[in-house]
Amino acid sequence: MPTDNTPDDLMPHPSFVTVDGLEGHLARVELPDGITEDWPLASLPPGVKEGDVIRLTVHGGDLEAEIDHAQTRERLTAAQAGTDALNAGAPTGDVEL
């Protein structure tokens with residue numbers, strides 16, 4: 001809990017964005033409110049991939065971004081579980097048209 005009005009108090013908790021796609025020098029990121037924006041790929045951690053969750057924190061007035069591997073795994077696992085649930089009742093075998 002913040003105890004004074006230092007610059008770090010402007011973002012006392014980490015914020016997360018999800019990398020929705022990469023194209024050229026841009027990354028399409030999904031913000032916590034669901035809005036997507038194009039960010040320069042150089043502003044994200046090296047090696048970032050689609051689906052990565054990026055933790056944003058402010059330390060000493062500087063914005064730091066790092067891949068949150070645990071959040072990334074958790075969200076991918078949840079997404080796969082949702083897909084599996086949707087496909088659970090799907091018919092099996094060949095589809096005849």
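This report covers the charged side chains of a predicted model.

Local features need pLDDT of at least 70, side-chain atom pairs count only at pLDDT 80 or more, and totals for chains, interfaces and linings use all residues. Residues are numbered from 1 along each chain as its sequence is written, and side-chain values use heavy atoms, with hydrogens and water left out.

**Salt bridges**

The whole structure holds 3 salt bridges, each defined as a side-chain nitrogen of Lys or Arg within 4 Å of a carboxyl oxygen of Asp or Glu.

| Pair | N to O distance |
|---|---|
| Asp-20 and Arg-28 | 2.9 Å |
| Arg-55 and Glu-66 | 2.7 Å |
| Arg-55 and Asp-68 | 3.0 Å |

Salt bridges with shared partners join Arg-55, Glu-66 and Asp-68 into one network. Arg-55 lies in strand 4 and Glu-66 in strand 5 (residues 62–67), so this pair ties together parts 11 residues apart in sequence. Strands are DSSP runs of E, at least two residues, numbered from the N terminus. Asp-68 is buried at 8% relative accessibility, while Arg-55 is partly exposed at 23%. Buried means under 20% relative accessible area, exposed over 50%, and partly exposed in between (1.4 Å probe, protein chains only).

Asp-52 sits in the loop between strand 3 and strand 4 (53–59). Asp-52 is buried without a salt bridge, and Lys-49, the nearest side chain of opposite charge, is 4.3 Å away. The side chain of Asp-52 does reach the backbone nitrogen of Lys-49, at 2.7 Å.

On the surface, Glu-23, Glu-30, Asp-33, Glu-37 and Asp-38 gather in a patch of negative charge. Such a patch takes residues with over 30% relative accessible area and no salt bridge, like charges being joined within 9 Å. Asp-38, in strand 3 (residues 36–40), is exposed at 51% relative accessibility.

Conventions
Patches are made of residues with over 30% relative accessible area and no salt bridge: like charges are joined within 9 Å, nonpolar side chains (Val, Leu, Ile, Met, Phe, Trp, Tyr) within 5 Å. Accessible areas come from the Shrake-Rupley method with a 1.4 Å probe; for residues, only the protein chains shown count as cover. Lys and Arg count as positive and Asp and Glu as negative; His and the chain ends are not counted. The place of a charge is taken as NZ of Lys, CZ of Arg, CG of Asp or CD of Glu. Helices (H or I, at least four residues) and strands (E, at least two) are DSSP runs, numbered from the N terminus. A polar contact is a pair of N or O atoms within 3.5 Å; within protein, one must be able to donate a hydrogen and the other to accept it, and residues adjacent in sequence count only if both atoms are side-chain atoms.
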